[in-house]
Amino acid sequence: MLIWKSGRHYMVTNPMEIDYKRESLLLTSLNGKKRKKNADHHHHHHTHNVAKRVKSEHGGADETEEVEPRISVLPDRLRHPITAEELTELLHYAALGGTRVKQPSWCVLLGQRRVKGVNVVVVEEVSQSDFYKHYITLRNLRTKYSNRLTFTLSTSSSSLLSTIFSSEVDTLEQLAVLQEDKDSSKLHKVLRTHPVVLKYGTSRRGLTAYVLTQEEMIKRHYPVKGLPGFEDFACTDCGDVTDASPLFGLDCEMCLTVKGYELTRVSLVEGEGKCVMDQLVKPDNKILDYLTQFSGITAAMLHPVRTSLRDVQVQLRTLLPRDAVLVGHAVNNDLVALKLIHRHVIDTSLLYRSEFGQRFKLKLLAEVVLGRSIQTQEEKGHHPVEDALAALDLAKYFIRKSPLKVVEDHLEELWGLTQEGEEEEESTRHSTELAPSSRFADVLQRVGRSVCYVGKRCDITLHPAHQQWHNSDRQVVASFRRQSNCPFFSVLRLSSFSNIPPRQDYKVRWCLQDMCVVFAGPLPAGFSEREVRRLFRCCGSVRTVKMLTTTHRIHAVVEFELLEGAALALQMLNGATVQGHTIKVQRPVTESTLDFDLNLDALMSDAVNARRLYTLKLNCQTNGHIADGKFAVNSCTSESLPIKKCELSEEALTQTFTRFGIVERILLMGKPGRQARHAYIQFECSEAKQAAIKSSEGLWQENYVTCPALTPVPVDEDGPHELRGQIHPGPQDMAMCHMMKKLDARLGKIFTSLPECTLSAVLLLAHNSAREPASPGLCLLELKRGKSNNATT
């Protein structure tokens, strides 16, 4: 049995994990009595439809959830560098918000409305290579920042600062005008910034534009194949959808049983309004409350029913074409009640978006948009066919019109706003403010957000009153921390490294490379380098093998490509029996390995690796066996060594490891043109990784060997080149190490002084020296949260 034990547990919450919080929002009066009437519509039926309470709990009609601010980089951008222009996209969005600028294209910032500040630290003449060479030393950078990306800069640091402050803000208002041939007279500000228009644009589009993406379905708690909690759900046979795909309205009613809410009725309406299914369903468990006043279901109605949930699933899978699009109001809860996974859905509660994340009741939308009364008090309970048809017609109306037309037609009835009042307000504003500047620093100050620059004097378009000039990094940090009120947007420039002489081409042998090496022996007589390689490659990719032969014994020095390979060799092969010889596997005793335990602890606390797991799969052959996690090799032929790595596939790994939690990304490791032999599993949260580590014994029974990810660099198929080095450090490298330690301490003080919910970015700018090979820079990002949330960082 292989069990990886760590002295600590580091719990880092995934930035993509959404933590919803509810808060009551007061709807203020913007247009007299009609605004008040609309507010009453939102709150009049607070206890409406108890049978569908799940809809509210999972993002239903009364959803007013607030997202905890987090930032994460899109998976397909993790291995690609970002530019200064892309960084400014993030800074604009973080500082000004989604009502003014668009979300950046390369990352996701959740809960922007709760961001209380933005801080950028520019460090000159320090590269990505320097970061990884001094990785152990940089405790604050490696533990406080969970997002690292290569940063490319073709100009000087002064030009970067000028870009940050002087870049033009591309507002959504300007983009909307461009999309409509710059016809600004027709696009009023209140329309251009309306949540429906911001989401779907202004032009008429086909139905595929309104089908939820998989990311949206996961965020809104829809049943999605492969996610935990939906393993026993039935799946429809789905193909690709087009704008000509058929629409089907869906609605379900539920009752309360000993197991919670269960399905009692399902109705399906085809695109022309014909009911193709209206089926009563017998719950599997004992019914506690039929909820007749809401569902219309009685005991007498269900008494003769023998149709089960399984029967309904079969009927739906038969009725629905492969390109069918299901339409419903908060339809995620209908699918949960049906225990059904369907890829293509349109949710009318999300089409007709309100402010602050609220959603309108289906009854209100039907009355205002369709002129139809549903769920009337004269009838006893709801009629699902009626509700399904209403949702279907609302979607068809939205598709037939344009999003802009929908908002224009119902601006006052649904959203309580009028264009005339806004036009007067805007004309008044323009009469006192002519041609306002769209430069980032000017826009920030115009909206009342303070701006500050601290660092070496440079030519930036910022008023001197908002600049503090200092020549040393110590003064920069001290001056910034002395400010009584931290500016909303601040930029610090640390330039001590630019004052040291250019570094010579020293090739540094540093501790992480030494940690990839193990000694093994004594080995059986005649044991060859090839056999050593075959024996040790079960733990990971072997880079080099050096045989050490004395008069009587044979030993070997094995260097792995990755740190995880050496760690697994120590765990599994130390004390293993090879042809009757018990071998020892240990690390070389060098200056760098004396602190091995401390370094290992630092690697396991790495913010990037907190959710990653290293794994490979073994194939046990007949001439060997495994006992208590150790190998025993009985044959003397290299072809019959007992353990070989099996080929890995993303599908098989997903099936194996999703039992512990959501698998966010799988990185298969292998040489170009060959099948992957080992992989990194990245979970959505660190708890899933810990669960997998605790289940090492069960995974061992399936021939999976796992350990926490240790390699701190972004790995690729050829291995982490930053781990390679030669010879010994020179005096300049020792001085560099001392300066990096000072830099890390200063960056730690800056991060500590920032208010909660501040977006922090540290930019390590590459060297500009022509005498040194080009090295990319590094961008580190983190959204600082409260002490309770950061306690495990």
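A salt bridge is taken here as a side-chain nitrogen of Lys or Arg within 4 Å of a carboxyl oxygen of Asp or Glu. Under this criterion Arg 439 pairs with Asp 442, with the closest N and O atoms 2.9 Å apart. The structure is a predicted model, in which local features need pLDDT of at least 70 and side-chain atom pairs count only at pLDDT 80 or more, whereas totals for chains, interfaces and linings use all residues. Residues are numbered from 1 along each chain as its sequence is written, and side-chain values use heavy atoms, with hydrogens and water left out.

The confidence of the predictor in each residue is expressed as pLDDT, on a scale from 0 to 100; its mean over the protein is 76, and 71% of the residues reach 70 or more. The secondary structure amounts to 30 helices and 32 strands, where helices (H or I, at least four residues) and strands (E, at least two) are DSSP runs numbered from the N terminus.

The protein exposes about 35900 Å², of which carbon and sulfur atoms supply 49%; accessible areas come from the Shrake-Rupley method with a 1.4 Å probe, and for residues only the protein chains shown count as cover. Of the contacts with a separation of 6 or more, 73% are between residues 24 or more positions apart.

The count of salt bridges comes to 12. One of them joins Glu 124 to Arg 493, with the closest N and O atoms 2.7 Å apart; this pair links distant parts of the chain, since Glu 124 lies in the loop between strand E5 (117-123) and helix H4 (128-133) and Arg 493 in strand E17 (residues 489-494), 369 residues apart. Both partners are buried, Glu 124 with a relative accessible area of 7% and Arg 493 with 6%. In a further salt bridge, between Arg 322 and Asp 237, the closest N and O atoms are 3.2 Å apart. Arg 322 is situated in the loop between helix H13 (309-319) and strand E12 (325-328), and Asp 237 in the loop between strand E7 (234-235) and strand E8 (247-257), so the pair ties together parts 85 residues apart in sequence. Here Arg 322 is partly exposed at 46%, while Asp 237 is exposed at 52%.

Arg 353, located in the loop between helix H15 (348-351) and helix H16 (362-370), is buried yet has no salt bridge, the nearest side chain of opposite charge, Glu 216, being 4.4 Å away. For this assignment Lys and Arg count as positive and Asp and Glu as negative, and His and the chain ends are not counted. The side chain of Arg 353 does reach the backbone oxygen of Leu 350 at 2.9 Å. Beyond its neighbours within four places in sequence, Arg 353 is in contact with residues including His 194, Tyr 200, Glu 216, Arg 220 and Trp 415.

Conventions:
Buried < 20%, exposed > 50% of the residue type's maximum accessible area, 1.4 Å probe, protein only. Polar contact = N/O pair within 3.5 Å; in protein donor to acceptor, adjacent residues only side chain to side chain. Contact = heavy atoms within 4.5 Å.
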